[in-house]
Amino acid sequence: MIYQIRNPRFYVVFCIDLCLVCLSLFLAYLIRFDFELRPADYRQMSALLALVVPLKLTVFFLYKLYRGMFRYAGLAEMWRIAKAVILSSLVVVSAVLVLSRFQGFSRGVFIIDTATTFLLIGGFRLSMRLVFQYFQNKNGVSQEVMPYQRGVPTLIIGAGTTGEKILREISTQRSLYYNVVGFIDDDPGKQGRSIHDITVLGTVAALPGIVRKHEVGQVLIAAPSASGRQIRTMVDACKAARVPFKTLPGLAELIDGKVSIKTLRDVNYRDLLRRDPVRLNVPEIESYLKDRRVLVTGAGGSIGSELCRQIVRFTPENLILFDASEPNLYGIEMELKHRVGYQKYVTVLGGVQDKALVERVMRRYRPHVIFHAAAYKHVPMLERNPWQAVTNNIMGTRVLMESAVKHGVGHFVMVSTDKAVRPTNVMGASKRVCELIGAACSGGGTRMMTVRFGNVVNSAGSVVPLFREQIARGGPVTITHPEVTRFFMTIPEAAQLVLQAGALGEGGETFILDMGTPVKIVDMARDLIRLSGKEPDTDVEIVFTGLREGEKLYEELITRGEGIVATAHEKIMVLKAGDDWDGLGGQAPYRDRLTTRINELAAMAQGYDGCAIRLKIQEIVPEYDLQDSECIL
């Protein structure tokens, strides 16, 4: 309130409103009496003005009609004016009723006066906005601001045109989960005033106290014209307040469409796919998950944790979280417990290659369904440590699958990769061996299924987190080769596909998602740079470093000779098992021969013999291309 009295503009607007209130009453008398006023009407109107003017202006003052910046007047301002006018008219009518019981007064005058007051007061403020827009050569926004009070409590630094534009888009875009609680600005003339009913709470120096008072969780810096020193002051204030902050690109970039205000949000990784995300039908999933005991290996990883989040929607009887990483396991446990509110879980810390531990888990919890997402996936790391691919990926999968068959698990779904198709690296070849183990173990009471898909955007080991970190540092963004392409999908898509496979599979299948056209990594990098509000090769440099060991230019989802069969879902294909053992006299001889080779492979892993491991894997997976490996004889 003190800011209103100190502001010189307050007195100008107050006097204009006083004149408009008088004019409104005069117009009300003219309209009511058909523009023919008698001397008695003038005397009554003059006496009434002495009551109407102070009462109405007092209500206007209490309703804070003098705090708004008229250049931004919109629907929120009009709604506040309407409430103030109606209330002030009710106060006037009540006063007249008490003083004279309406003797000699026309009730129609007060009804008309209410309407004309709103039109004059509101019209004055809107006309001021139009005048400002005209002289500033700015185009008005047709969509009015509707307050949106959900999301992270947010402060906007900069109560100017850019700050107003951010507030307007936040208010109209439901996908931007910000709840703007106030503005911050160093301009003394803006202190205590408001834009779209959001108040300027103080200066940058007062930011820490404002953050604590309003429990702010995010600060948006909307000062594109500020100097480098001013920006550093704002950033230092945010750091002192220990609150996350984001900056907005220049206003010129916003106007010409190079950058959207939506760059303020964290990058939506679906924007990088260059296709619509696949929507899977999930009603069938409930039939095999509801009230069942479900085991998820790698439960703390990117895919495993998303599987857990989606599985709990189907209210399983119990969820067993199995992971070798203590931090990852703790993370998903806390998320299920505190954020999701799911309590029917059990945590198991250990590796799936530990046969005794796996047997203990199977006997104690007797799972109906297993989702096997545990694996080492980093290609260059496993090229340098191939024995870990054998121990963790291959032996762990065999231990888990054999135990599942032994204990009569109904559904077993394994997560695989497109790198298993004509593999050129140990990681992909090890996952292909896992697929062969699953095919050999299928049959009987356990439905063994594999789900094969491409890279998962923003997963652990994905290029996207690396690119984001490099962009945040100002570049360069490093890419192995300008022509390298990959299939991509979102983490929720991958998890849903795995769940869907369990519903569709009868045993022995490999399910594949129709992932559309592969994406060039360099194109994805450029998209990510632009989504971050920067320009590729100008603001952030792109550097090509050469293909890494075991890496190839493109990935495939099927290999030569694999037959694709349609499923009930248009976006899911399936490869039927059987080709691998048809020439070996059936499944049993094939399984025996595979078991022998894997036992030999395990012995080589214990001796850390990388060359022998690669050659033995090639014996199991003939399509495995050793490329330039020194192990080639």
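This is a predicted model: local features need pLDDT of at least 70, side-chain atom pairs count only at pLDDT 80 or more; totals for chains, interfaces and linings use all residues.

Biologist: Which residues of H15 make the contact with H13?

Modeller: The crossing of H13 and H15 is right-handed. On the H13 side, the contact uses Lys355, Val358, Glu359 and Met362. By class, the contact has five nonpolar, one polar and three charged residues. The H15 side is made by Val399, Leu400, Ser403, Ala404 and Lys406.

Biologist: H15 also packs on H16. How are H15 and H16 oriented to each other?

Modeller: H15 covers residues 386-406 and H16 covers residues 426-441. Their axes are 9 Å apart, at an angle of about 15°. That makes H15 roughly parallel to H16.

Biologist: How many charged residues are in the contact of H15 with H16?

Modeller: H15 and H16 cross in a right-handed sense. H15 brings residues including Arg398, and H16 brings residues including Lys431. The contact has 10 nonpolar and four polar residues, and the charged ones number two.

Biologist: Next, H11 and H18. Are H11 and H18 roughly parallel or roughly perpendicular?

Modeller: H11 spans residues 302-311, and H18 spans residues 491-504. The two pack at about 65°, with axes 9 Å apart. The range 65 to 115 degrees counts as roughly perpendicular. H11 and H18 are therefore roughly perpendicular to each other.

Biologist: What classes of residue make up the contact of H11 with H18?

Modeller: H11 passes H18 in a right-handed crossing. H11 contributes Ser302, Ile303, Glu306, Leu307, Gln310 and Ile311. From H18 come residues including Ile491, Pro492, Val498 and Leu499. The contact divides into nine nonpolar, three polar and one charged.

Biologist: Now single residues. Is Glu215 buried or exposed?

Modeller: Glu215 sits in the loop between helix H7 and strand E5. Its phi is positive, about 50°, although Glu215 is not a glycine. Most residues other than glycine have a negative phi. The relative accessible area of Glu215 is 64%, and over 50% counts as exposed, so Glu215 is exposed.

Biologist: Arg366 is also not a glycine. What is the phi of Arg366?

Modeller: Arg366 is placed in the loop between helix H13 (355-365) and strand E10 (369-372). Its phi is positive, near 45°.

Biologist: What is the C-alpha separation of Arg468 and Leu528?

Modeller: Arg468 lies in helix H17, residues 463-472. Arg468 is partly exposed, with a relative accessible area of 35%. Leu528 is 60 residues away from Arg468 along the chain, but their C-alpha atoms are separated by 7.7 Å.

Biologist: Last, the whole protein. What share of its residues is buried?

Modeller: The secondary structure comes to 22 helices and 21 strands. The accessible surface is about 29700 Å², with 54% belonging to carbon and sulfur atoms. Among contacts with a separation of 6 or more, 75% join residues 24 or more positions apart. Of the 633 residues, the buried share is 52%.

Conventions
Residues are numbered from 1 along each chain as its sequence is written. Side-chain values use heavy atoms; hydrogens and water are left out. Axes are lines fitted to C-alpha atoms, for helices over the stretch in contact, and angles run from 0 to 180 degrees between N-to-C directions. Helices (H or I, at least four residues) and strands (E, at least two) are DSSP runs, numbered from the N terminus. Angles under 35 degrees count as roughly parallel, over 145 as roughly antiparallel, 65 to 115 as roughly perpendicular and the rest as oblique. A crossing is left-handed if the near helix is turned anticlockwise from the far one by less than a right angle, and right-handed if clockwise. Contact means heavy atoms within 4.5 Å. Ala, Val, Leu, Ile, Met, Phe, Trp, Tyr, Cys and Pro count as nonpolar, Asp, Glu, Lys and Arg as charged, and the others, Gly among them, as polar. Buried means under 20% relative accessible area, exposed over 50%, partly exposed in between (1.4 Å probe, protein chains only). Accessible areas come from the Shrake-Rupley method with a 1.4 Å probe; for residues, only the protein chains shown count as cover.
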